[in-house]
Amino acid sequence: MSSAMAPNVRGVAAPGRRTVFSICGMCAVRCPIEVTVEDGRVVWIQGNSNDNAMGASLCAKGAGAIPFEYDDERPQTPLIRTGPRGSGQWRRASWDEALDYIAEKLRETIEEFGGRGVALTDRGGPFADLTKTFIQALGSPNYGDHDSSCGRNAHNAARSLYGCGRAAITFDIKNCKHMVLYGRNITESFKVKETKDFMAALAKGMKCTYIDPRASITACKATRYWQTRPNSDYALNLAIIHEVLKTEVYDKDFVEKFVSGMDYLREAVKDTTPEWQEQHTGIPAAEIRAFVAEIAKDAPNVIFHPGWMVARHSQSFYVSRTTLILNALFGAVETKGGCIIAKTPEEVGAKGLKKLVDRVPKVKEPRADGAGTINPQWDPAAGMVHQLYHAIETGQPYGVGAYFAYRHDPLTALPDADAIKKAWDKLKLLVAIDVRYSETSWYADVILPESTYLERANILTQNAGPRPNFGMRDQAIAPRFDSRPAWWIFREILRRMGKGEALDFETIEELWDYQLEGTGVTVAQMREQGFISLAPSAVITPRDKLKFKTPSGKIEIDSESLKKANIPSLVPCQVREATTGNQFTLLFGRSGIQAHGQSFNNPLLNEIAPEQVLWMHPSRAKPLGIADGDEVEISGGGRYHAFIKVKVTPWIHPEAVFMLHGYGATVPLATRACGLGVADQRLQHGKLYDYDKAGGGNNMTETIVSIKPKAKGGAK
Amino acid sequence: MSKYILRHDEANCIGCEACEIHCKTNKNLGPGAKPCKIISVGPVAVDGKPRMRFVFMPCFHCEEAWCAKACPTGAMQRREKDGIVFVQASLCVGCKSCIAACPWGTPQWDPATRKVVKCDFCMERVDAGLEPACVTKCVTGCLSFGVANEAPDPRRERYAREIVAESMSQS
């Protein structure tokens with residue numbers, strides 16, 4: 001096949017009506033879907049009801065796939081930059097030309113920095129075998145995901161306690177009696193299956209305690225809402241644990257058998273009484289006591305959610321850690337109605353997919369971001385993106401000269417775009433591979449248009465879980481523009497670099513056959529339902545066989561791996577001064593219609609995008625002379641400042657303001673998103689290299705903003 | 001009224017607005033017309049707790065549909081067999097009389113076709129034995145559709161359960 005041709009699956013443009021099972025790509029949750037195609041056009045998309053937990057349900061973002069697909073405001077051919085970075089001056093290029101250009105720059109980079117001087121970030125998840133293969137084939141260890149601005153603290157906390165990543169901790173919400181959420185906004189930042197289970201459980205009488213300085217929709221569904229001071233959740237947890245130990249309501253049998261470090265825990269919380277935490281959180285001591293007594297009654301069918309987006313403050317790692325400790329104290333681990341540790345195919349007696357990455361030699365170089373080396377407590381499999389940028393900027397521990405941002409938009413996802421650009425300005429090559437005009441793509445040297453998830457097939461996914469499975473994103477329609485699937489793009493670059501054997505497949509079916517080798521599953525079987533479950537039902541390991549993947553085999557409160565990294569397993573709570581006057585702690589979140597910044601140029605999602613307003617407590621608004629609906633100027637101390645309308649409401653803590661994230665895009669070709677609202681990440685001035693040392697997550701909610709009422713026009 | 005009921009169980013709604021996009025993509029609509037709409041208000045305090053109020057606004061499919069009476073061309077019609085009020089696009093001249101006549105502003109102006117479009121319970125789906133798009137793909141299942149009085153009402157059951165739970169916690 002000529003490298004210029006798009007590799008479609010067989011029969012993709014055939015006339016008539018057909019159903020294709022696939023995996024949604026409108027956000028990073030990747031729900032199973034069913035796509036109806038009529039004469040080569042998508043006419044209907046719904047949840048893949050072969051998956052009982054999913055049913056036909058689909059969220060607004062998933063439904064926005066059709067208007068996204070048939071919108072023309074996306075990169076339609078490869079583009080090569082002709083003016084300075086970010087100037088928006090481009091020329092169209094053929095695929096051969098763009099790929100040759102990239103290969104030439106890669107050769108220059110590798111000559112100067114070695115193979116390790118190439119890096120790539122994506123948004124992790126089940127397709128990363130491909131990107132890891134690409135980067136390792138070039139001789140680099142520098143594959144990383146986006147997670148330092150998301151769940152990295154929870155991930156590294158889970159590893160230190162349970163010996164597995166955060167994604168391996170799943171929640172049996174259906175059978176849960178009390179769920180505790182620390183700002184985990186499960187009805188807005190949602191995963192369809194999880195949200196369905198959550199709402200069904202509430203309807204059946206599950207209790208929910210929701211902790212957040214701002215009352216999100218989840219707070220409005222919860223049976224208990226605690227409006228805590230911003231960034232005070234660690235103090236809250238230390239006090240809850242104190243009360244649990246003092247009243248001896250924990251599961252002594254479970255703790256005896258499966259938990260180590262209880263003496264260490266007792267020492268850490270000996271003074272953190274419910275009264276002590278009042279000054280930090282603002283929650284009355286009596287409420288903590290009532291809560292603990294209530295939870296004890298429902299244990300072990302309780303879930304303390306360790307968090308999803310937890311790149312919040314300098315002790316967020318310890319919030320996730322203490323949250324996971326609470327699950328252990330109540331015996332809510334590997335039990336119905338609690339947390340269930342994900343199983344690999346091998347752990348349920350099946351064979352896993354054959355990995356692509358095993359086709360390339362292992363890379364022995366240390367990572368540029370220090371994950372696993374300078375910072376041994378950080379998972380080297382996923383990296384730490386801000387420290388990659390630090391290496392790009394400083395050349396320490398070594399230089400990185402080429403960077404691929406694959407479906408990842410760091411200029412929207414990470415704090416302080418100006419600081420990121422300063423680091424990127426050292427790069428010889430910056431490539432954005434995306435289906436849309438992201439902020440990052442506009443600053444890149446080359447934009448490679450990936451085919452949309454409806455127009456492409458991906459490598460098969462292997463999903464660990466209580467019931468592990470393989471999943472398939474099949475191609476539903478032919479590409480509308482001159483775009484290509486990712487596996488083809490990476491193969492073509494590797495071929496030009498003389499590393500073609502790593503991804504030497506002519507068609508996706510050939511690649512799938514390789515992945516399925518020895519599993520006993522065929523491509524045809526995968527296509528029947530879109531996924532194959534590898535166990536007949538959820539597998540819960542019996543207590544007599546339960547062992548954790550930590551050095552001791554137990555849940556380690558006093559962690560061996562953290563000790564080796566010279567990181568304390570628990571720390572004293574940091575005192576946080578109250579903000580006053582026109583200074584506020586800036587909190588952010590998202591609504592159910594948006595996937596961060598990627599939804600606002602969608603014709604229909606843009607139409608229903610909520611007006612971005614700044615939540616402010618009346619007790620703080622009044623002295624500043626700010627009334628509901630007034631416009632104010634907001635600044636984070638950097639070059640960027642903006643105007644935003646205020647929503648005066650008691651449902652935000654007085655010390656904080658809140659706004660939705662993902663607004664304030666600047667790419668002129670994305671006409672609907674461009675100029676819409678304020679970019680909170682650009683107000684997070686100086687926060688790129690400000691992170692929780694233990695977990696690595698950015699301290700994004702430690703941003704302090706100044707608010708200035710807009711001068712009111714006088715009477716004429 | 002039509003023989004059907006499109007029920008919105010507010011307690012189970014999260015205001016995610018997926019229904020609006022399901023409706024619009026099924027009717028192949030671009031920006032502009034919104035045949036159904038979720039209106040979110042809040043948070044408001046209810047017994048000291050924050051609560052959001054969600055109101056779902058499709059079409060009521062009136063027995064005496066003012067929109068149909070106002071229509072000068074007969075485009076807006078009420079289907080005899082089940083009472084669904086719908087627009088026959090080929091007859092619509094875009095005069096907007098129906099929009100003015102409806103007390104709830106239900107009929108919508110589609111700028112692409114320059115005609116009126118409205119909730120018709122996705123009648124081609126109903127005729128095929130399916131449910132309206134908004135109901136079929138609702139995230140939480142808070143929307144339900146059926147012949148009035150035949151479909152179970154989640155609110156009665158929940159109310160009964162709450163009363164029982166309350167009396168048990170007091171005893």
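A helix here is a DSSP run of at least four residues, and helices are numbered from the N terminus. I wrote that down before looking up Asn237(A), which I found in helix H8 of chain A, residues 233–246. The model I am reading is a predicted one, and I keep that in mind for every entry below.

**Entry on Asn237(A).** I then listed what Asn237(A) touches, leaving aside neighbours within four places in sequence, and I noted Tyr182(A), Val319(A), Thr322(A), Thr323(A) and Leu326(A).

**Entry on Phe548(A).** With neighbours within four places in sequence set aside, I found Phe548(A) in contact with residues including Tyr162(A), Phe258(A), Val333(A) and Ile341(A). I also looked up Val259(A), which is 289 residues from Phe548(A) in sequence, while the two C-alpha atoms are 9.8 Å apart in space.

**Entry on the cores.** Tyr162(A) came up again when I looked at the largest nonpolar core, which has 147 residues, for Tyr162(A) is listed with Ile45(A), Phe198(A), Leu265(A) and Leu329(A) as having the most contacts inside it. Not counting residues up to four places away in sequence, Tyr162(A) touches, among others, Ile169(A), Leu324(A), Phe548(A) and Ile555(A). Apart from that core I noted another, of 59 residues, with Ile135(A), Phe404(A), Ala457(A) and Met472(A) among them.

**Entry on the two chains.** Which residues make up the contact between the chains, and how many come from each? I recorded 38 residues from chain B and 36 residues from chain A. Between them the two chains bury about 2,800 Å², and 64% of this is on carbon and sulfur atoms.

I then went through the pairs across the interface, where I found 1 salt bridge, in which the side chains of Glu607(A) and Lys24(B) meet at 2.5 Å, N to O. The interface also holds 16 residue pairs in polar contact. On the side of chain B that touches chain A, at least two residues each come from helix H1 (18–26), strand E2 (37–46), strand E3 (49–57) and helix H5 (133–136). The largest share of that side, 7 residues, comes from H1(B). Sorted by class, that side of chain B has 18 nonpolar, 10 polar and 10 charged residues.

Key: Residues numbered from 1 in each chain as written. Chains lettered and ligands numbered in written order. Predicted model: local features only at pLDDT ≥ 70, side-chain atom pairs only at ≥ 80, totals over all residues. Heavy atoms only, no water. Contact = heavy atoms within 4.5 Å. Buried area = accessible area lost by both parts, 1.4 Å probe. Salt bridge = Lys/Arg side-chain N within 4 Å of Asp/Glu carboxyl O. Polar contact = N/O pair within 3.5 Å; in protein donor to acceptor, adjacent residues only side chain to side chain. Nonpolar A, V, L, I, M, F, W, Y, C, P; charged D, E, K, R; others polar. Core = buried A, V, L, I, M, F, W, Y, C linked by side-chain atoms within 4.5 Å. Buried < 20%, exposed > 50% of the residue type's maximum accessible area, 1.4 Å probe, protein only.
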